[in-house]
Amino acid sequence: MPPDLAAWATPDRWNLHSRPVPRPLDTVTSIDVYDFDNTLFLSPSPNPALFDQTTIGRLQVPDVFSAGGWWHNECTLRELGRGFDDEIKRQWRGYWNEAVAAEVARSVADPGTLTILLTGRGRARFGSIVEAMVNSRAMAFDMLVLKPTELGLSTLNYKNKFMETTILACPGLRNVRMFEDRGYHVREFNVALARLQKDFSRRHGQPFQYSVRLIKAEAAMLDPARELRMVQRMVREQNDRASRDAGGAALATVSLAPDTQSVAFSVAEESRQALLDLALAQRAGDGSPLPFISLLNVGLRTAENTLTVIAAFNKARAAGHEPAAVTEFAVVAAGLYADAYYAVRIQPDVAEDAGWTTWTDFVNPVVLVAANVGAAECARLSLNPRSCAISRETEAKVAAALQPVAGPRVRVVCTSRSRWRLDLGARKQRRKKK
Ligand SMILES: [Mg+2]
């Protein structure tokens, strides 16, 4: 059923608290309309370092979470920066798009201009929040217009409806400017304004000029720990609602789990010297100065197929087996190949294995400790130690040169990078407009 807009036929009604517009509409010659999120204010978006791309989309569309998702969640503004109360006191310094804020100041200073903040944020939920935010910065908008969600209009349709009501109510209008960060909305506003311009001419005898300016602004980020807690809360609340849902078929359940993107293993800093000492002992006898350089970034090469390691890693985690960050290994073999490469083979301590073999497909890896690459190369490589990687072929030759040895214990660090992924339950989703 189309929404009943009969009660929304005047600009006053759309203004926050249905407050009268503070200037006579027949004196208005210009209307300047500012979008809020990522146009005037650098609102936070989901953090791509925390969530994968699919999840970022699912958090923001309005039909995954029945409460509306990211843009309907007050916590995105309440928990930004130092928290709402502190940020109000510091006027949200650093979170405004200053170029647009300067435009607002110019609009406000012009007596013929009606200056309007027009946002798709819900009026009931965000009215007092957005009002407090612009007041903290003393931005004297003539109108604060937020979306009456009870009308069930999409943000675009609601904004166009408001623009029509307001433009047609200002008979002396000559100029309309809109500021907006979404390209799709910019295009649609241009279409709607062209149509309105014709209606306006017919009604008031002259057209108005209009422009819609596309604004590019960098989104802010929430504190990652806070952001994760907030999204976990959204998930819990959605699942609570889904379980209470009488029909049981309208609301989807959702789940949020870490998804491993990469796994890397390296010898811990404190163990590197022990390995170098072993290298020195191997070379003892000829008295020549040690031509080796330490490979500053002693990494352990994992399987040919990194995805296999990641899959095993995820499986171990799903089974509740969180891989240990540090595992102890014993040096079981050492050797020098071609008087150029010094390497050791290490073996996990069975007692402390902590699932090592569960999430890797190599058990006794070879660690290249040092390489004789000459003084000039040393100087170069010390600037860029990561370039010390050797080929698979050389690595196999180095491995073949190893002799059994009872060496020191070394600590191996496992570093994994994960992003959280939101999956949807099997039940049908309810469709809802943003
Ligand atoms: Mg926006």
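Biologist: Leaving out residues up to four places away in sequence, what does Ser271 touch?
Modeller: Ser271 touches Val410 and Arg411. Keep in mind that this is a predicted model.

Biologist: How far apart are the C-alpha atoms of Ser271 and Val410?
Modeller: They are separated by 5.2 Å. Along the chain, Ser271 and Val410 are 139 residues apart.

Biologist: And which helix holds Ser271? Is Ser271 buried or exposed?
Modeller: Ser271 sits in helix α10, residues 269-283. Ser271 is buried, as 23 other C-beta atoms lie within 10 Å.

Biologist: Zoom out for me. How many helices and strands are in the protein?
Modeller: The protein has 14 helices and 13 strands. It runs to 434 residues, and 30% of them count as buried.

Biologist: What share of the contacts with a separation of 6 or more comes from residues 24 or more positions apart?
Modeller: Those residues account for 79% of such contacts.

Biologist: OK, α8. What does its length look like against 1.5 Å a residue?
Modeller: It agrees. The 22 residues of α8 should span 32 Å, and the end C-alpha atoms are 30 Å apart.

Biologist: Which residues of α8 are buried?
Modeller: His185, Phe189, Ala192, Leu193, Leu196 and Phe200. Seen down the axis, these buried residues fall within an arc of 120 degrees, so they line one face of α8.

Biologist: What's on the face of α8 turned away from the buried side?
Modeller: Exposed residues: Gly183, Val191, Ala194, Arg195, Lys198, Ser201 and Arg202.

Biologist: And what covers the buried residues of α8?
Modeller: The cover includes α7, β4 (175-180) and β5 (209-214). After α8 comes Gly205, with a positive phi near 85 degrees.

Biologist: Stay with α7 and α8. At what angle do their axes cross?
Modeller: Roughly 25 degrees, and the axes come within 10 Å. Angles under 35 degrees count as roughly parallel. So α7 and α8 are roughly parallel to each other.

Biologist: Is the crossing left-handed or right-handed?
Modeller: α7 passes α8 in a right-handed crossing.

Biologist: Which residues meet there?
Modeller: On the α7 side, Leu156, Asn160, Met163, Glu164, Ile167 and Leu168. They meet a set in α8 that includes His185, Ala192, Leu196 and Phe200. Those four α8 residues are among its buried ones.

Biologist: Switching to α9. What's buried there?
Modeller: Glu227, Val231, Met234 and Gln238. They cover an arc of only 50 degrees around the axis, which puts them on the same side of α9.

Biologist: What do the buried residues of α9 pack against?
Modeller: α2 (53-60) and β6 (254-267). The face of α9 turned away carries exposed residues, including Arg233, Arg236 and Asp240.

Biologist: How far does α9 reach, first C-alpha to last?
Modeller: 30 Å over 21 residues, close to the 30 Å expected.

Biologist: You mentioned α2. Is Arg58 buried or exposed?
Modeller: Arg58, in helix α2, is buried, with 21 other C-beta atoms within 10 Å. Setting aside residues up to four places away in sequence, Arg58 touches Val64 and Leu422.

Biologist: How far is Arg58 from Leu424, in sequence and in space?
Modeller: 366 residues in sequence, and 9.2 Å in space, C-alpha to C-alpha.

Biologist: Now a loop residue. Where does Leu80 lie?
Modeller: Leu80 is in the loop between α3 (75-78) and α4 (84-89). Leu80 is buried, with 22 other C-beta atoms within 10 Å.

Biologist: What is Leu80 in contact with, leaving aside neighbours within four places in sequence?
Modeller: Pro44, Glu87, Tyr95, Ala220 and Leu222.

Biologist: Last one, α6. Which residues are buried, and what do they pack against?
Modeller: Arg123, Phe126, Val130, Met133 and Val134 are buried in α6. The buried residues of α6 pack against β2 (113-122) and β3 (143-147). Just after α6, Ala138 has a positive phi of about 55 degrees.

Technical notes:
Residues are numbered from 1 along each chain as its sequence is written. This is a predicted model: local features need pLDDT of at least 70, side-chain atom pairs count only at pLDDT 80 or more; totals for chains, interfaces and linings use all residues. Helices (H or I, at least four residues) and strands (E, at least two) are DSSP runs, numbered from the N terminus. The expected span of a helix is 1.5 Å times one less than its number of residues. A residue is buried if 20 or more other C-beta atoms lie within 10 Å of its own, exposed if 12 or fewer, and partly exposed in between; C-beta atoms are placed from the backbone. The arc is that of the directions from the helix axis to the C-beta atoms. Two residues are in contact if their C-beta atoms, placed from the backbone, lie within 7 Å. Axes are lines fitted to C-alpha atoms, for helices over the stretch in contact, and angles run from 0 to 180 degrees between N-to-C directions. Angles under 35 degrees count as roughly parallel, over 145 as roughly antiparallel, 65 to 115 as roughly perpendicular and the rest as oblique. A crossing is left-handed if the near helix is turned anticlockwise from the far one by less than a right angle, and right-handed if clockwise.
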